[in-house]
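Hello,

Here is the structure we talked about. Please open it alongside this note; my findings follow below.

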Amino acid sequence: MLKASLPVIFFVNSCLLSNAYAEIDQSSAKALADDYAIVISTATGIVGELQQDINSSTIKPEQIAIPTIFKNFKKKYKAKTGKNYNASAPNILGTMRGHVLMSLEGIINEYKNEILDGGQDAFVPAYFRALMVEQVNSNMDGIMQSHVTNREADLINTDSAVEIVTENSPIANEFIKLVNSGTTKVIGKVINNHYMSYNPFTLKTSCVACHTRNGINHQKPGGFGGALIIDIPLQ
Ligand code: HEC
C-alpha cells in the first residue's frame, strides 16, 4: 500500500519544495527540527530493536519486510508523540517525513543481505542513522542539513567530525563550540538567519560497550555521547 502511495507523495512534495523553502520561518523551522530529531531517533530505534537477532544471526526475513518495518516505526512514533506519522502533511514536515520513509525503505532493502547474514555488529544503528541522515540531507535539497557528530577524541568515524560536517555552514562555529564543550542541554535558536538545533545524546552502558569494541575506550555511561545537529536556513 505504501509502495503505491510513495511516488505520489514524492511528486507532490517536489512541487512544494521551492515554496516551502521560501516560506520557512522560525516557528516552522523549530517544528521541523524538533520533529526530525524524534523521527531520527525513532528510525534508529527500529534497527536497535533488531540488534540482538542481527548479532546472533537469527534474524528472519519477515522481521525486515518493509510493511513490518513501517508499521513498527509508526507505532513507535505514535508512542513518543501521541500523534500519527503524517507523511502527506502539505508542508515541510510532510516533505521531511516522506523522505525519511523512502530512505528507511531504501536502506533496509540495500543492506538486506548483510542484515540477514548477521554477525556481531554486522549492521549497527549508528551506521544506519549515518546513511539515513546523509540521504535525507540530499533529498531535502538545501532546506535542512543535519549530522550526527562528536568531538574529536570520541569519534569512531572521523568523517563525522563536527568541523568536517559543518564546513559549508555559516553557523559552523556555533556547532563546533557546543559539540566540543560536550554541553548536554538541548538548544534551539536563530543565529545569522539560520535556525540552529542542537540535540545531545547521553551515553548508556550499551553505547560504551559497543564504542569500546570500535576502539573508543575512554567513554563512561552518563557522559556526553555526541549530538544530532540541524541547520535550517530561514527566509
Ligand atoms: C552496536 C554498536 C554501537 C552502539 C550500541 C552505539 N554505537 Fe555509536 N557508533 C557505532 C559505530 C560503529 C559508529 C560509526 C558509524 C559510522 O560508520 O558512521 C558510531 C557512531 C556514533 C556517533 C557519530 C560520531 C562517530 O563517532 O562516528 C555518535 C554521536 C554515537 N555513535 C553515539 C552513540 C550513543 C549515544 C549510543 C547509545 C545511545 C551509541 N552510539 C550506541 C557503534 C555503536
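This is a predicted model: local features need pLDDT of at least 70, side-chain atom pairs count only at pLDDT 80 or more; totals for chains, interfaces and linings use all residues.

S197 has I230 in β4 as its bridge partner.

Strands first. β4 covers residues 224-233. Its partner is β3, and the two run antiparallel. Eight bridges join them.

β3 spans residues 194-202 and also pairs with β2, residues 187-191. These two strands are antiparallel as well, with five bridges between them. Look at K189: M196 in β3 stands opposite. β2 and β3 form a hairpin with two residues between the strands. Check N192 there, which takes a positive phi near 45 degrees.

Now the helices. How do α2 and α5 pack? α2 is residues 26-49, and α5 is residues 92-110. Their axes lie 10 Å apart, at an angle of about 20 degrees. Angles under 35 degrees count as roughly parallel, so α2 is roughly parallel to α5. The crossing of the two is right-handed.

Which residues of α2 and α5 meet? From α2 come S28, A31, L32, D35, Y36, V39 and A43. From α5 come I92, L93, M96, R97, V100 and L104. By class, this contact has ten nonpolar residues, one polar and two charged.

Best wishes

Definitions and conventions. Residues are numbered from 1 along each chain as its sequence is written. Two strands pair if DSSP finds at least two bridges between them. Helices (H or I, at least four residues) and strands (E, at least two) are DSSP runs, numbered from the N terminus. Axes are lines fitted to C-alpha atoms, for helices over the stretch in contact, and angles run from 0 to 180 degrees between N-to-C directions. Angles under 35 degrees count as roughly parallel, over 145 as roughly antiparallel, 65 to 115 as roughly perpendicular and the rest as oblique. A crossing is left-handed if the near helix is turned anticlockwise from the far one by less than a right angle, and right-handed if clockwise. Two residues are in contact if their C-beta atoms, placed from the backbone, lie within 7 Å. Ala, Val, Leu, Ile, Met, Phe, Trp, Tyr, Cys and Pro count as nonpolar, Asp, Glu, Lys and Arg as charged, and the others, Gly among them, as polar.
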